[in-house]
Structures are given as C-alpha cells and as structure tokens.
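Please look over the salt bridges of the structure below. A short report on them follows it.

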Amino acid sequence: MFRYRLGPGDSLAMSVFKMSGYQANVKVLSDGTINLPRIGTIEVWGLTLEEARQRISAAYEVFLRRPIVYLDLVTARPVKVTVTGEVERPGVFSLPTQAEGGWPTLVDVVQKAGGVSASGDLSRIEVLRPAVRRGGSMRRYQFDYLTVLREGGHAPNPLIYDGDSIRLYKNEEVDNADLITTAASNFAPDTIRVNVIGEVAKPGIQQVPSNAPLSQAIFASGGITRRGSISTVELVRMDGEGEPTVKVMSFAPSAVLSSPTNPPLRQGDVIVVNRSALARVTDGLTDAFSPLTPIVNAASIFRILGLPSVIGN
C-alpha cells in the first residue's frame, strides 16, 4: 500500500506534548528540510509522517526526556505528474490536492491532459512510480479499461502521487467498435474539433462530441449546399506519423454510427465536400466565357450551347 511521503511544498504542524514553546507550523523547503524550535534544520524529504515524527523525536531526546511529538500534514503539495503517449495534450501537469473532488486520480490526470486520443489503447495504460528510496527500482502498474468497458466489471481508478508518470499506448489495430467505446468513456474529451471545408453552408472548424459521426459534423456546418456532391465526400485523417489517408464516400446522414458511410470522427479530421458535376461544368464554362462578356451567366451559356440545364450528381 502506498504511504504518502513528504516533499518540498508540504505544510506541517508540529508540537511536543506538555511542552510550551515547541509548537511550529512549517513548510518543507526546496532542499527537503524543515526548521524546528531548539533542533533547527532536519531533513524530512521522502519520509512518511510516522518516519518524520520518529526522526524529530530522536532529535529532541538529546535534551528532552521521552518527548511525545505530534506531527500533522496541514496542506499537501500539488501533485506534479508527467503524461505521455496517446493523449490530446501530453506534458507535465500540476494538480491540486485540496480540490473539491478530492485527491487526483488516474482519470482526473488523463482528462487534464485533454483526454485519450482516438488511437489510444485503453487496454494498456501504464503508471510509473518513482522508487521510495534512492537507488531503488521504479514501480510499474498497468490497467486495462477497454475490457471493463466492453464486458463490465470493476474499473480501478488509482490515486496519483507527486512524481508519477502516466503513459497511454497506441492501439495499432483500432476498429470502429473500439473507437466508439473509447470515445463514449470518461477518458475521452467532451468534444473534438474537426474541419469541414468545401460545399457546405458554414465551412470551418466545428466542435462536436467525441463520438460524433461524420454526418453530425456536416450538419453542424450548415449542411451540404446545392453545389455540393453527396457522392464524393472525402474524409482526410492524419496518422500518428503525420501521414494522411483519404477515404471517399457517399454522404448518408441516416446511416448508423460506424457504418462505412457514417464513420465516427477523430480529433483533427478534415471533411471535404466536393462540387457536384453540375457545379464543376458551370464553373468551367463561366471561366471559359468570362473574357467575352461579364453579363453572360451560366444559364445563358447552357441555352446558347443547347445543353440540358441539370446534370445529376
């Protein structure tokens, strides 16, 4: 079982039973020491409260007979933790320990890092904990949340302590079912940002729920315009190496989530709604005839050439 160990930033209250003038409210300094009445500087970095109390008692025994020392942790230092791998914002984070939600947990830290990315593997989350003593080996813990989310059961949510490191590995064979399961969990960000460009009413960045299908992003951008083609919608996605993949599909807003025509989206996806065949022909003819006269419009061109005015997608 993990025992809290003192470090710089902790605030302590110390007193000696039935001895006036020995009370002290101190903070552990950057070098891991505190300064106490009569005994001066004493190192407590890396000690549990009980170990620190025993060390202080031993120091007072030099001039006090059987001192009874009380030592309490008044305020714990913020938890500094490193998060790497498949999260939206990897980095070093500082989390308060006196927050309303209580001591920070593994889920809290992942959410602080922006949530797990779409390619993150919830079956393999690793927590590395520094050695208790200098020269000791680092302890390693692994957690499988994907199986719990699929099949049910107990999902541990361990407390995270100062100096811990968390790594989320990449799922090399992620499928739509895993993607939906991950996106629906509280490890995922509440929303993701995708870019919808081309023939939609309001092109640009759209913020949608993390498990949103392609259709929801298109509707959020105002829907496909009359110039747009529902048969050549492109989904551009970057992998972890920065290599793009392009998938061309028909737009089927009524298709179920995870179907080939309505896949779940990931952070950073780009959706391209191309022009319809009619719009391409119209734009081409307009460009061709534009040097002749500015008052000749596309409809006039069709009539002049004897072409039908409607060309299907």
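Predicted model: local features only at pLDDT ≥ 70, side-chain atom pairs only at ≥ 80, totals over all residues.

Residues are numbered from 1 along each chain as its sequence is written, and side-chain values use heavy atoms, with hydrogens and water left out.

**Salt bridges**

A search of the whole structure finds eight salt bridges (a side-chain nitrogen of Lys or Arg within 4 Å of a carboxyl oxygen of Asp or Glu).

| Pair | Closest N and O atoms |
|---|---|
| Arg 53 and Glu 50 | 2.8 Å |
| Asp 164 and Arg 129 | 2.7 Å |
| Arg 227 and Glu 199 | 3.4 Å |

**A pair within a helix**

Arg 53 and Glu 50 both sit in helix α1, residues 49-60. They are three residues apart, which means a separation of about one helical turn. Helices here are DSSP runs (H or I, at least four residues), strands likewise (E, at least two), and both are numbered from the N terminus. Arg 53 is partly exposed, at 25% relative accessibility. Glu 50 is partly exposed too, at 35%. The accessibility classes are buried (under 20% relative accessible area), exposed (over 50%) and partly exposed (in between), with a 1.4 Å probe and protein chains only.

**Pairs across the chain**

Asp 164 forms a salt bridge with Arg 129. This pair links distant parts of the chain, 35 residues apart. Asp 164 is in the loop between α3 (146-151) and β10 (165-170), and Arg 129 is in strand β8 (residues 120-129). Asp 164 is buried, at 1% relative accessibility. Arg 129 is buried as well, at 11%.

Arg 227 pairs with Glu 199. Arg 227 lies in the loop between α5 (214-220) and β13 (228-238), and Glu 199 in the loop between β11 (191-198) and β12 (204-209), so their bridge ties together parts 28 residues apart in sequence. Arg 227 is partly exposed, at 34% relative accessibility. Glu 199 is buried, with a relative accessible area of 16%.

Shared partners matter elsewhere: Asp 10, Arg 77 and Asp 162 are joined by salt bridges into one network.

**Ser 215**

Ser 215 lies in helix α5. Is Ser 215 buried or exposed? Ser 215 is buried, with a relative accessible area of 5%. Setting aside neighbours within four places in sequence, Ser 215 is in contact with Phe 251, Pro 253 and Asn 262 (contact being heavy atoms within 4.5 Å).
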